[in-house]
Amino acid sequence: MNATRTLSLHWVAPPPPPSSTALFSSAAVSPAAAAVKPSSLRVHTTKNPSNNSLSSTTPSDKFSKSQDQVLLTLLQQRKTEEAWLLYAQCGAHLPNPTCLSRLVSQLSYLNTTEGLTRAQSIIQRLRHESQLHRLDANSLGLLAVAAAKGGHTLYAASIVKSMLKSGYLPHVKAWSAVVSRLAASGDDGPTEAIKMFNSVMKRVRRFTDSEVVKDSRPDTGAYNAVLNACANLGDAKKFLQLFDEMSEFKCEPDVLTYNVMIKLCARVDRKDLLVFVFERIIEKGIPLCMTTLHSLVAAYVGFDDLETAEKLVQAMREGRKDICKILRQPTSEDSYSDDDFDDDFDDIKVANESDAFEKLLPNSIDVNSEPPELTKVFSPDSRIYTTLMKGYMKAGRVADTVRVLEAMRHQKDDTSLPDHVTYTTVISAFVKAGSMDRARQVLTEMAKMRVPANLITYNILLKGYCHQLQIDKAEDLIREMVDEARIEPDVVSYNTLIDGCIQVDDSSGALTYFNEMRKRGIAPTKVSYTTLMKAFASTGQPKLANKVFDEMLKDPRVVVDLVAWNMLVDGYCKLGLVDEAKSIIQKMKDDGIYPNVATYGSLANGIAVAKKPGEALLLWNEIKERCGIENIGEEPKSLSNFPPLKPDEGLLDALADICVRAAFFRKALEIVACMEENGISPNKTKYKRIYVEMHSRMFTSKHASKARQDRRRERKRAAEAFKFWLGLPNTYYGSEWRIDRGDRD
């Protein structure tokens, strides 16, 4: 492949957010209510009165009164489309604050892609003209909710943060919706959700009169959202703190609260507590629903405890009410040795988590108490069966997956019949087993049963074809999906195709799919960028990978993580371009991202390719600092700016290999000592062979001058020590020696 080929990336405007079905639930604010009470969601605490002045604008910024009246009339008649067109025709002039706030509110309340885009354009214009103070909290809150439900979580979060910074307190339905979306998102989403919750609570607590901020006070839904963030982080201590705070605002835990607690137990590997969460719901008299049983089955499947999951499903099929008693029964997987018990509880963090769960679940202390029974019988539905099938699929039990599907087909209850998720799970099982023909047969059967396949179904099949390097069939499937099923590919579809091209060394095809995705208006994700970078790095084109990386840095929707940096470093190191790789690593550090073992491993391999052993010494010195290794007689260096590092076998072996080949025996001994301290067995056989092949005649010259002999005395001493470690003859015991034929093999 031509390494000088020009990279052509087509960047288009970001896609508009998808439409959503509902803005608020039972507490929705209608557009009419937004006009009658424009400040119902606002508590303004700013001390700068100039921001509140609505009459200080210049004449050029105003509509005429007649135009304002026409616009307001259209909005009151809920003719939002006509109102938008009138606003768009007025050029540089701005309506009055009442009209602007109502227009943004009604556009947001439409819950359509076009409506949200238009509302965002008004916000962008007002920000540009420093006129955001014209909008009330109601309109901004509705926009935040619409953006969150439309998938623009970061944009929604920025709206709420801007409101808080300006002294507004958004309605609880607005800020809790954003917290909920942040909690369920990846990267730093859960952490940001907790920060936003704390920011709102800090401002709410400033008011001694609760009536002033009654619309912004947290409700049970808001607490469930932030508790979900804690569960996703596995932070039991923070979960307990927030759970205890609920009573302060008269919020009672509901069944969703305990469902989130089930997730927390799964995150922190406390399978033993799942049954006690279930019992706690029953004991408190909280109405039980199927979602709790869904969560329980999913948790046991997640623990790979299919035995208990099967018992639970079978008990539901038999209509039993003593499910708690069944779940308390030990399984074959629940036997722990004393050593396992000690290993589990010798850590302070685990002890703290145990204390938290004792307070969250006081019923778990007395394990000999009589387990409660259900108040009514629950029969398994299609989601329960499908979750169990996913466990079989994960364990590679394809036959059991198909068996459950056959059983579901004969169910009399419509809620237990297989749906598209069930069939997709079976397809996933066949794809994982490499049986693509049988997976396609299931897709055909779905059509016969009039169960429409969705985008996820096709993406799983797509991944199966790409994994088996059948790119032609993957492309045929895409055409079938678009032309026959009328389903458009998404970013996951294109990421899969790009990765498939990489597996067949087709970086040109990967770039083609990337550009096609952009032309369709599909925003690339972090995976899209890193996968394309991988395509160029694996084919020896690090400069093109660097260009993709630069575009990734410019994309505000993507968080550049350590994986992307490492991929760029590895691309240069594979060609032995050590200086370029070191430059990238320095940029990482400047951005506050520190190299990890993978970064150093790539650099060590690059040094070996470039044959620059001196660079290995510099690298080893940095690794020693990160590992806290101090040289004898040297002052310990400050490591406050460096997070600790635990080297692995690949990194240390690569460095030791370089040092042995370059006759840096003292450094080689330091490295092998580090390996042994970290429980890594050095490959003595390899190092012995390198020494014999490259250095067996070292220091044997009888004609060297005395000055030269003095200079190399220290190196000779290190070489003798290294030979002693290898078990080769040295000055400590002299004899004739040679490498056996077995060693050479």
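At what angle do helix H15 and helix H19 pack, and how far apart are their axes? Keep in mind that this is a predicted model. Helix H15 covers residues 306–317 and helix H19 covers residues 382–394; they pack at an angle of about 155°, with their axes 11 Å apart. Angles over 145 degrees count as roughly antiparallel, so H15 and H19 are roughly antiparallel to each other. Their crossing is left-handed. On the H15 side, the contact is made by Leu306, Ala309, Glu310, Val313, Met316 and Arg317, and H19 brings Ile384, Tyr385, Leu388, Gly391 and Tyr392. By type, the residues of this contact of H15 with H19 are 8 nonpolar, 1 polar and 2 charged.

Now turn to another pair, helix H4 (residues 97–109) and helix H6 (residues 137–149). Here the packing angle is about 20°, and the axes lie 8 Å apart. H4 and H6 are therefore roughly parallel to each other. H4 passes H6 in a left-handed crossing. Ser101, Val104, Ser105, Ser108 and Tyr109 of H4 meet Asn138, Ser139, Leu142, Leu143 and Ala146 of H6. This contact of H4 with H6 divides into 5 nonpolar and 5 polar residues, with no charged ones.

Finally, let's look at the core. The largest nonpolar core has 209 residues, and those touching the most other members are Ile122, Val178, Phe239, Phe278, Leu655, Tyr687 and Phe722.

Note on methods
Residues are numbered from 1 along each chain as its sequence is written. This is a predicted model: local features need pLDDT of at least 70, side-chain atom pairs count only at pLDDT 80 or more; totals for chains, interfaces and linings use all residues. Side-chain values use heavy atoms; hydrogens and water are left out. Axes are lines fitted to C-alpha atoms, for helices over the stretch in contact, and angles run from 0 to 180 degrees between N-to-C directions. Helices (H or I, at least four residues) and strands (E, at least two) are DSSP runs, numbered from the N terminus. Angles under 35 degrees count as roughly parallel, over 145 as roughly antiparallel, 65 to 115 as roughly perpendicular and the rest as oblique. A crossing is left-handed if the near helix is turned anticlockwise from the far one by less than a right angle, and right-handed if clockwise. Contact means heavy atoms within 4.5 Å. Ala, Val, Leu, Ile, Met, Phe, Trp, Tyr, Cys and Pro count as nonpolar, Asp, Glu, Lys and Arg as charged, and the others, Gly among them, as polar. A nonpolar core is a set of buried Ala, Val, Leu, Ile, Met, Phe, Trp, Tyr and Cys residues joined through side-chain atoms within 4.5 Å. Buried means under 20% relative accessible area, exposed over 50%, partly exposed in between (1.4 Å probe, protein chains only).
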